[in-house]
Amino acid sequence: MSAKRHLTRGLRFRLTAGYALLFALLLVGTAALFRERLAYTLNSEAHDLLEQEWAAMKGYLHIERLPARGHAAEHEPCPPFKATWEYDKVDPDEDFAVERLRRVYVLTDAKGCVMEVSTIYGSIGIEQPKEIEAAIRGGQPVWKRSASPHGIPYLIRAGVVYDDKHHSPFYVAVGRPMDEGEKILKRYTWMYAGLIPFSLLCGCLLGWFLTGRVLRPVMQVARTAQSITGSNLSLRIPTRAAGDELDYLILTFNRMIERLENSFQQIRQFSTDVSHELRTPITAIRGQLEVALFTAKTVDQYRDATLNSLQDIERLSQIVRALLLLSQAESGQLALQKTRLDLSPVVRDIVDQFQIPAEGARVELSSDLPPECAAEVDRVQLERMLSNLLSNALKFTPAGGRVHVALRSLPEAIEIAVEDTGCGIPEEHIPHIFERFYRVPAQETCATAEPGLGLGLSFVAWIAKAHGGTIRVDSAPGKGTRFTISLPPAMAEPAPMEPVPTGAASGAVLG
Ligand code: ADP
C-alpha cells in the first residue's frame, strides 16, 4: 500500500483507544458505585450499633431525685437529681459494656445543665442549652456527626430519658467513633485508585493484542487484493471457513472480482469480435483494389472493383456507426428524450415503411393496432427498435411467410409484439442473441438470409431496458419467432398528446 498509514488513524489504534476508554469508564463507575455502597453499609452498621447501645444505656442508667437538703440545695447549679449506672459489676462483660457506653456520653437536665459528661464528649463539645431544649421538646431521636479536636469523627445519638418516677425529662447523648469506617473507606479508595491505572494498562495491552489478532486477516485480504491485477483476475482470496463477517467480506470481494473478470472477458471478446468484423471488409477492399491495380484492364472491370469496394466501405461504416451508437448508449451518453405520445400512428408508420420491402420479399406484413395508445417513450429510439425487429423478421422469413405487428395497451404494460412465420431460432442460441456480434450460424436457421452485423438486437435490448421495459423471445425452429416488448404504462395525465406527423419514422436498422 503506497498510502502512508498513520498509527493514530489506524483501526487498531482507534479500537484499542475506544476499548480502553470504555474500560476506564466502567472501572471508575464501578469503583464509585462500590464506594458508595460500602460507605452506606458502614454508616448503617454504625447507626444500628449505636441504636443498640442507646437501648442498653436506657437499661443501665437510672435517674432519681435526691432527698431535699434544705436551703443549700437551691444554690446547686443543676436540679437535685442523681444518675446511677446499675449493672452487675462482677460480670466483666457488663462492666466492659458500660465502660464503653460511658466513653462518649453526656447527661444534662431539660435546661442543658450538665450532670455527667465523659472526657471525650467534653472535647467534642456539649450541645447548647437551646439545642437540648429543642431535642427534649421534639422528643425524637437526634442523630448527628461531630469531630474531636484530633479530627476523629463521631456519630452521636441523642434523645430523651426520664427519671425513675417518670416526672422529669433528661437529655442523654451517646456516641461512637467512626474513624475505623473512614479508614476502611480510605483504604478502599486508595487501593482502587492504584488498581485503575494498572487495570487500564492491562486492558490497553489486551485490546491492542486482540484487535491485532482480529485485524490480521483483514490485512491478509488487503495484501491478496493488492496482488490482483487485470492480468490475473482468476485469483481469489481464500476464505477461512469461519463463517464470520470477514468471510462474508471475502466472499463479496471474490464475487466482485468474478464480475470484473467477466467484464474483462467480455471486453476482450468484444475487441476480438470488432477486429474480426473490421478485418473482413478491409481484406475484401484490399482484394478489390489489388484487382483494380494489377488485373483490371477495361473500364467495366475498374467500375466493378470500385463498386465492390464501396459496398464493403459502406459495411465498414455501418459497423462503426452501430458500435458508436451502442457504446454511447451503454456509457449513458445517449439520454432518452421521453415524450408522451400516441404509439398507434408511430407503429403504423413504421409498418407502412416496411410494406415495400415486404412485398419485395413476398412476405405478408400486417398489423393490429388500437385506435389510441398513450405512452411515454423516446420516439426516435422506439422507431429504431421496431425497425430492427421488423427488418430481422423480414430477413429471416422466407417468401410466402407472414409478419405481424401487434400493439396492446394493458393496465400493467404496453406490449409491442413482432411475430413472424420464419425459420425461428434454435433454443440454445436464444440466450445469446442479444449479445453483440452474435449471429446464429446460417445453416442452423435460414441459409438464404443475408448475414447481418449481429448488433441490432443488442440495441433493441438496450432501448427496452432504458425505457424500464423488458423483452421476451418465443421461437420455434421452422415455425417462427415472436419478440414481445413490454413497456411501463403511461401515467394518467390529461395533457394533450404530442401530434405525430405521418411518415416521420427515422429508425435506423443496425443489425
Ligand atoms: P443481425 O440480424 O444483424 O444478424 P441481430 O442482433 O439483429 O443481428 O440478431 C442476432 C441474431 O438473432 C441474428 O443473426 C439471427 O440469427 C437471430 N434472429 C434475430 N431475429 C430473428 C428472427 N426474427 N428470426 C430468426 N432469427 C432471428
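These notebook entries record what I looked up in a predicted model.

**Basis.** I number residues from 1 along each chain as its sequence is written, and I leave out hydrogens and water, using heavy atoms for side-chain values. As the model is predicted, local features need pLDDT of at least 70 and side-chain atom pairs count only at pLDDT 80 or more, while totals for chains, interfaces and linings use all residues. I take helices (H or I, at least four residues) and strands (E, at least two) as DSSP runs, numbered from the N terminus.

**Entry 1: helix α1.** I checked the span of α1, residues 11–60. The expected span is 1.5 Å times one less than the number of residues. For its 50 residues this should give 74 Å, and the end C-alpha atoms are 73 Å apart, which agrees. I then listed its buried residues (under 20% relative accessible area with a 1.4 Å probe, protein chains only; exposed is over 50%, partly exposed in between). They are T16, A20, A24, L27, A31, A46, L50, E53, W54, M57 and Y60.

**Entry 2: helix α11.** How many residues of α11 are buried? I find 8 of the 11 in this helix, residues 456–466, so described as mostly covered. The buried residues are G456, L457, S458, F459, V460, W462, I463 and A464. They pack against α7 (299–330), α10 (379–395), β13 (470–476) and β14 (480–487). After α11 comes G468, with a positive phi near 80°.

**Entry 3: α10 against α11.** I looked up contacts (heavy atoms within 4.5 Å). Q381, L382, R384, M385, N388, L389 and N392 of α10 meet G456, L457, F459, V460, I463 and A464 of α11. The axes, lines fitted to C-alpha atoms over the stretch in contact, with angles from 0 to 180 degrees between N-to-C directions, come within 9 Å and cross at roughly 140°. The two helices are therefore oblique to each other; under 35 degrees counts as roughly parallel, over 145 as roughly antiparallel, 65 to 115 as roughly perpendicular and the rest as oblique.

**Entry 4: strand β12.** I note that 6 of the 7 residues of β12 (residues 414–420) are buried, so the rest of the structure largely encloses this strand. Which strand does β12 pair with over 7 bridges, through a partner at residues 402–409? That partner is β11, in the antiparallel sense; pairing requires at least two DSSP bridges. L407 stands opposite I416 in β12, and a hairpin of 4 residues joins β11 to β12. β12 also pairs with β14, antiparallel over 7 bridges, where D420 stands opposite T481 in β14.
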